[in-house]
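Please read the points below with the sequence and the model side by side.

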Amino acid sequence: TGSARDFLPARLSLPALRAAADGCHGCPLYRNATQTVFGAGPTGARLILVGEQPGNDEDIAGAPFVGPAGRVLDQALEQAGIARDDAYVTNVVKHFKWEGRGNRRLHKKPSAREVGACLPWLEKEIELIRPEVLVCLGATAAQALLGRSFKVTQQRGVLLPDERVPHVLATVHPSSILRQRTSADRRAEMARFTADLEVVADALN
Ligand code: URA
Ligand code: SF4
């Protein structure tokens, strides 16, 4: 079985990595997706935000967090006083995994094998950017980077030491806010998400 490792460029740079990821066939997910959605943001970013995988809108646009979850993220970042343009934003898995429902494409959670196959891209992004803070958005990112037993519900919003970067913090995925049933619940979860990002903002100040 393959992985992204088979497609890494000989000389590592962010542009070389991005170009190589365009042609990645390290797992079957490239087959049903429009394009690779690589990370976006400045090379010198002090903050890296890691989601799960591109959604429908990201698959079409070719950029991470541009759809509904991205709008929630943008709003929370702004409330926390973090400029999105200063952050490098990426995902654990670089291709959109979906299942058809009528004429809609519904997000499907990537398997552990797909996460493992794609992880070399993220590891190299982190190595090249060397941010001060890495934020895991949701359980897929947190478990891929912090271990399968990591529980976002129990360990969210706390700065943790890490071998790769000075600080890691895990929080919920912005789409979990969109899934709240009532507007009161959405408001409450948005406030908690923003509070977690304020911890990140403080660490950067
Ligand atoms: N959800 C993610 O995890 N990443 C995106 O880029 C968009 C939605
Ligand atoms: Fe390669 Fe990742 Fe896409 Fe699989 S999901 S083909 S490993 S870039």
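1. A term is needed before the first point: a cavity is a set of grid points, worked out over the protein atoms alone, where a 1.4 Å probe fits but cannot get out, and a molecule sits in such a cavity if more than half of its atoms lie within 2 Å of its grid points. In this model, which is predicted, ligand 2 sits in the largest cavity.

2. Which residues surround ligand 2? They are Cys24, Gly26, Cys27, Leu29, Tyr30, Val93, Lys94, His95, Ala117, Cys118 and Trp121, and when this shell is sorted by class, eight of the residues are nonpolar, two are polar and one is charged.

3. Turning to the sheet, four strands form an open arrangement in the order β2-β1-β5-β6, and their pairing is parallel. At the edges lie β2, residues 87-91, and β6, residues 167-171, each of which pairs on one side only. On average, and with direction ignored, neighbouring strands of this sheet are turned by 20° against each other.

4. Within that sheet, strand β1, made of residues 47-51, and strand β5, made of residues 133-137, pair in the parallel sense over four bridges. For Val50, the bridge partner in β5 is Cys136.

5. Finally, please look at helix α5, residues 139-146, which lies across β1, β5 and β6 and runs at about 130° to β5.

Definitions and conventions. Residues are numbered from 1 along each chain as its sequence is written. Chains are lettered from A and ligands numbered from 1 in the order in which they are written. This is a predicted model: local features need pLDDT of at least 70, side-chain atom pairs count only at pLDDT 80 or more; totals for chains, interfaces and linings use all residues. Side-chain values use heavy atoms; hydrogens and water are left out. A residue is near a molecule or strand if one of its heavy atoms lies within 4 Å of it. On a 1 Å grid over the protein atoms alone, a cavity is a set of points where a 1.4 Å probe fits but cannot get out, and a pocket is an open set with protein on both sides within 12 Å along at least five of seven lines; lining residues have an atom within 4 Å of a point. Ala, Val, Leu, Ile, Met, Phe, Trp, Tyr, Cys and Pro count as nonpolar, Asp, Glu, Lys and Arg as charged, and the others, Gly among them, as polar. Two strands pair if DSSP finds at least two bridges between them. Helices (H or I, at least four residues) and strands (E, at least two) are DSSP runs, numbered from the N terminus. Axes are lines fitted to C-alpha atoms, for helices over the stretch in contact, and angles run from 0 to 180 degrees between N-to-C directions. Contact means heavy atoms within 4.5 Å.
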